[in-house]
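Open the model in your viewer and keep the selection tool at hand. The stops below can be taken in order.

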Amino acid sequence: MLIPQPPSFWITTRLESSQSEADARSPKLTGSWERAGRSPAAAAVFGLLGIGMLYMHAQSLLVVGATLVTGGIQRSGDFFADLAAASRLLRLPVQLSLVLSQVFFMLVPVSLLVRRWHTSEVRHYLRLRRVPSAEIVLAVLATLLFLPASAWTSEQFVRWVGIPRKLIAIEEHLFSAGTIPEYLWLVLVVAITPAVCEEILFRGYAQRTLERRIGWKAIPVIGVFFGLYHMQPLGLLQLSALGFLFGFLFYRSRSLLPAMAAHFTNNVVLVTLLYLTSNGFPANAGGWMDADVAIAGLLILFPVLVAYDRLARYRHLRAVAGSGRAFVTGESTDWVGPPETPSAPPGGRHDASAGGEEN
Amino acid sequence: MTHVPLTIGDMFDRTFRTFVRIFPRALPVALIMIVPPGLLLAAALDMFYTSLGAILPSLMFAIEPDPDLLRTLFWSLLLLSLSGFALLAAMVSVRVAVTALSCADLSGSVMTWQQALGRATGSLFTRALIQVTLEFSVYALLFTGGYGIITFGAAVQASVLVLVGFLALLAGGILVAWWAVRWSQTYAVITCEDVGAVGAFRRSASLVQGSWWRVLGVLLLFGFLKEFVAGLITTPLSLFAFWDFYQSYFALMASPETAVAGPEIFSEMFASLGLGTGLVATVALMLSSLIVPVYLSVLYFDLRARSGEFLPRPRAAKASHGADTTTTLILDHDPFGEQPI
């Protein structure tokens, strides 16, 4: 019987049995969530919501605390001047609270959650594994190609709603640098920390856990969550699209590193732009991004993603062939075994540690 | 379906599974019941803010306002009150329907959305509405006492009375929290056990008895999560719902530079608030009505399991005759035909 196949773009290798390679070996799911046979989708949703809620509240409290410690500003009567003074005063506290909240209320809870609910092999579960440098290069290139479209869309929204240039400049002042040390500090705050912490939460934990239930459909779901989480209504579209991109990179390579590299690239470019234009116009305010450049970027992005897809797929095929294991093509998931952890038997719990698992 | 005391992880899992299963049937009920009063509220808010925006210049420049505008404002307030009550009633009915769907699902039965809609508009709805009215009347009375003492103390300029009033308010708040937790299962009791409005208070309190702190913790945890979800969805929605307002607001901010904004911008800002507020309020209410009953129903079955209501009991009559000594589960409350396991 002929079975309709998904488009070749989405076809990947599904392993019939666990592989011997370290990067393809299944983590032993011995955590409390797995032993109870609960739904991976529920774990992804509640993990994401719980940690997101914790992070948002913790960050707000840290910023409020920092505001109280630094004290207020002398009001001059000029709204923009007062706002700029507050922005200068709160710059460092806001940046510090961002780093602290991302590390202690996002990164640490995710690793604790994985250890408690899923497995003691935290790095393995989160797919923190090496990939060939070509995949990293392509991930970075894809992000660079996406950036013009993202910047152009932001400009359109800003222009459409009519945000005053002064207000944007004040907001960007929070994350702009005047000197090289300031720039390096901002790279740590704005580029490295979110690239590590957010990717571990969104892709490493949430997408990876949801993939066990719904396969590639986890990419758009978590991508939209990623956009919503930033609580920036004007950036929802661009951030969700970025979430799709990072999700795709993560899904195809089965490693968190390309997504981290892409996220880092996106943020570091924005920080660098702000640094380079610190004495000039605000980067979001007007007219510096051409629509033709944005369209050209998107047009080149597509073949780059196809190349990335083929490269990652080829690596997997070669790894499987090298290990002497059989493989079949099929659904676009790296799941080995049934797509969902079976339900707990009535009135009891079952041990999922020995069951087939995904890599 | 087996009902045993649940851990928090089990509650997450069961809530998620139940929500996913009943959502396609709960959504039509929510749309049918909430959207019409939501639209009415949006129209009333639009009328209210538009007339307020039109009156604003006369208030700013101390001119006698147009009597027609005042009349429109009055009617809009009346319509606002009516639509507000209609929306609250719709919320109660959707909660009844979603609770019925959740209870059926958790009992292993199947209920169609039409059956759920029937429950949302039938006698269960009337009972739930009476229960909610009684419950909130009690809360209002508790707060009114404190406010009354404060107001009286302020009127006669007696600081001691004001202090006593604040203490009464605090005590009222604690009592409200205590009762709110005890009565948190009233919807489930009315819907799943066919209990009357007054009896639901007693039954809910007896279920929560001995687990008050646990129930409080679960309610807070799920409540915060629900609020977070609502925030994630309504934040971008607010921007688009209040697009005109924000445009006016930013134009006002930029006016020292561009000098495009005059006093009429305030009228425009007010006029643009109504529809957006109605839309966001309706969506937030719908989300709440779809999510809250699910985790409350899961908690309801957990509390029943903790009370030992699902424990197997020997059939005394048959056992005494020696005809059948097997242990059979007998449920005290079995509205959806749960089968013995």
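Predicted model: local features only at pLDDT ≥ 70, side-chain atom pairs only at ≥ 80, totals over all residues.

On the chain B side 26 residues are in contact, and their partners in chain A number 36.

Next, pick out the charged pair that crosses the interface. The rule finds one salt bridge between chain B and chain A. To see it, select Asp10(B) and Arg38(A), whose closest N and O atoms are 2.9 Å apart. Residue pairs in polar contact between chain B and chain A, with both residues at pLDDT 80 or more, come to four.

Now hide chain A and color the side of chain B that touches it. Three helices of chain B, H1 (8-60), H8 (212-241) and H9 (243-258), each supply at least two residues there. The largest contribution, 11 residues, is from H8(B). Sorted by class, this side of chain B has 16 nonpolar, six polar and four charged residues.

The largest nonpolar core has 108 residues. Seven of its members touch the most others: Leu48(A), Leu49(A), Val110(A), Tyr205(A), Tyr229(A), Leu249(A) and Tyr300(B). Helix H7 of chain A, residues 180-214, provides the largest share of this core, 13 residues. Leaving out residues up to four places away in sequence, Val110(A) touches Ile51(A), Leu126(A), Ile200(A), Leu201(A) and Tyr205(A). A second, separate core holds 35 residues, among them Phe48(B), Leu101(B), Ala104(B) and Leu273(B). In soluble globular proteins, nonpolar side chains tend to be buried together.

Chain B has 12 helices and two strands. Followed from the N terminus, the elements read α-α-α-α-α-α-α-α-α-α-α-β-α-β. Of the 341 residues in chain B, 47% are buried. Counting contacts in chain B between residues at least 6 apart in sequence, 76% join residues at least 24 apart.

Start in helix H1 of chain B, with Asp13(B) and Arg17(B), which lie four residues apart, about one turn of the helix. The closest N and O atoms of this salt bridge are 3.1 Å apart. Are Arg17(B) and Asp13(B) buried or exposed? Both are buried.

Move to Glu193(B) and Arg203(B), a salt bridge with its closest N and O atoms 2.7 Å apart. Glu193(B) lies in helix H6 (residues 186-193) and Arg203(B) in helix H7 (residues 197-208) of chain B, so the pair ties together parts that are 10 residues apart in sequence. Glu193(B) is buried, at a relative accessible area of 10%, and Arg203(B) is buried at 14%.

Then select Asp302(B) and Arg306(B), both in helix H11 (residues 273-306) of chain B and four residues apart, about one turn of the helix. Their side chains meet in a salt bridge, 3.1 Å from N to O. Asp302(B) is buried, with a relative accessible area of 0%, whereas Arg306(B), at 36% relative accessibility, counts as partly exposed.

Switch to chain A for a linked group. Arg252(A), Asp309(A), Arg310(A) and Arg313(A) form a network of salt bridges.

Finish with two backbone details. Most residues other than glycine have a negative phi. Arg254(A) has a positive phi, near 55°, and is not a glycine. Look for Arg254(A) in the loop between helix H9 (236-253) and helix H10 (257-276) of chain A. Arg254(A) is buried, with a relative accessible area of 3%.

Where is Gln157(B) placed? Gln157(B) is in the loop between helix H4 (123-155) and helix H5 (159-182) of chain B. Gln157(B) is exposed, with a relative accessible area of 72%.

Definitions and conventions
Residues numbered from 1 in each chain as written. Chains lettered and ligands numbered in written order. Heavy atoms only, no water. Contact = heavy atoms within 4.5 Å. Salt bridge = Lys/Arg side-chain N within 4 Å of Asp/Glu carboxyl O. Polar contact = N/O pair within 3.5 Å; in protein donor to acceptor, adjacent residues only side chain to side chain. Nonpolar A, V, L, I, M, F, W, Y, C, P; charged D, E, K, R; others polar. Core = buried A, V, L, I, M, F, W, Y, C linked by side-chain atoms within 4.5 Å. Buried < 20%, exposed > 50% of the residue type's maximum accessible area, 1.4 Å probe, protein only.
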